[in-house]
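Here is a short briefing for a reader new to this structure. Keep the sequence and the 3D view at hand while reading.

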Amino acid sequence: ARTLRNTSLLKILSVKMKGEGMRGLAVFIADIRNCKSKEQERKRINKELANIRSKFKGDKQLDGYQKKKYVCKLLFIFLLGNDIDFGYMEAVNLLSSNKYTEKQIGYLFISVLVSAHSDLMKL
């Protein structure tokens, strides 16, 4: 059931990627698919996680599109079976966006990654 659910979520992400033109997400997914070994995939994921973490912690304010792109990448990494320990507040911030696609990605991230008993659900 989880594999089927993950496949459906990956389809949603790919539709968002094509419709919104999130080139960075498309390149990242292509890089992961082109990895020849699990070790190579792990290195690429770690590199991307470090990049996303630095973007979220940086002094420069990210716009909604950038937050959405990075949250999508985190969701994709999670769907590959990796743990995600940051990015939750950025997803919550997307919920208050005026743009439907940003709000949609925020809700998708929260519904997939946050358990019903989490303190984050109180927000």
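Aspartate 85 counts as exposed, because its relative accessibility is 61% and the cut-off for exposed is over 50%. The model is predicted. Aspartate 85 forms a salt bridge with arginine 53, with the closest N and O atoms 2.9 Å apart.

**Arginine 53 and aspartate 85**

- Arginine 53 is partly exposed, at a relative accessible area of 30%.
- Which parts of the chain does the pair of arginine 53 and aspartate 85 link? Arginine 53 sits in helix H3, and aspartate 85 sits in the loop between H4 and H5. The two are 32 residues apart.

**The other salt bridges**

- The structure holds 5 salt bridges.
- Side chains of opposite charge can pair when their charged atoms come close.
- Is arginine 44 buried or exposed? Arginine 44 counts as buried, at 16% relative accessibility. Aspartate 31 is partly exposed, at a relative accessible area of 30%.
- Lysine 73 forms a salt bridge with glutamate 48, and their closest N and O atoms are 2.9 Å apart. This pair links distant parts of the chain: lysine 73 lies in helix H4, glutamate 48 in helix H3, 25 residues apart.
- Lysine 73 counts as buried, at 6% relative accessibility. Glutamate 48 counts as buried too, at 5% relative accessibility.
- A network of salt bridges links Asp31, Arg44, Glu48 and Lys73.

**The nonpolar core**

- In soluble globular proteins, nonpolar side chains tend to be buried together.
- The largest nonpolar core here has 32 residues. Phe56, Leu74 and Phe109 have the most contacts inside this core.
- Which helices each supply at least two residues of this core? They are H2 (23-33), H3 (38-57), H4 (64-79), H5 (88-95) and H6 (100-113).
- H4 gives the largest share of this core, with 9 residues.
- Leaving out residues up to four places away in sequence, phenylalanine 109 touches Val71, Leu74, Leu75, Phe86, Gly87, Tyr88, Ala91 and Val114.

**How H4 packs against H6**

- Two packed helices are described by the angle between their axes and the distance between the axes.
- H4 and H6 pack at about 30 degrees, with their axes 10 Å apart. That angle makes H4 roughly parallel to H6, because angles under 35 degrees count as roughly parallel.
- The crossing of H4 and H6 is left-handed.
- From H4, the residues that meet H6 include Val71, Leu74, Leu75 and Phe78. From H6, the residues that meet H4 include Ile105, Leu108, Phe109 and Val112.

**How H3 packs against H4**

- The axes of H3 and H4 come within 11 Å. They cross at roughly 145 degrees.
- H3 passes H4 in a left-handed crossing.
- What does H3 bring to its meeting with H4? Ile45, Glu48, Leu49, Asn51, Ile52, Lys55 and Phe56 take part from H3. Tyr70, Val71, Lys73, Leu74 and Ile77 take part from H4.
- Glu48 and Lys73 are among the residues that meet here, and the two form a salt bridge.

Definitions and conventions
Residues numbered from 1 in each chain as written. Predicted model: local features only at pLDDT ≥ 70, side-chain atom pairs only at ≥ 80, totals over all residues. Heavy atoms only, no water. Core = buried A, V, L, I, M, F, W, Y, C linked by side-chain atoms within 4.5 Å. Buried < 20%, exposed > 50% of the residue type's maximum accessible area, 1.4 Å probe, protein only. Helix = DSSP H or I, 4+ residues; strand = E, 2+ residues; numbered from the N terminus. Contact = heavy atoms within 4.5 Å. Salt bridge = Lys/Arg side-chain N within 4 Å of Asp/Glu carboxyl O. Axes fitted to C-alpha atoms, helices over the stretch in contact; angles between N-to-C directions. Parallel < 35°, antiparallel > 145°, perpendicular 65-115°, else oblique. Left-handed = near helix turned anticlockwise from the far one by under 90°.
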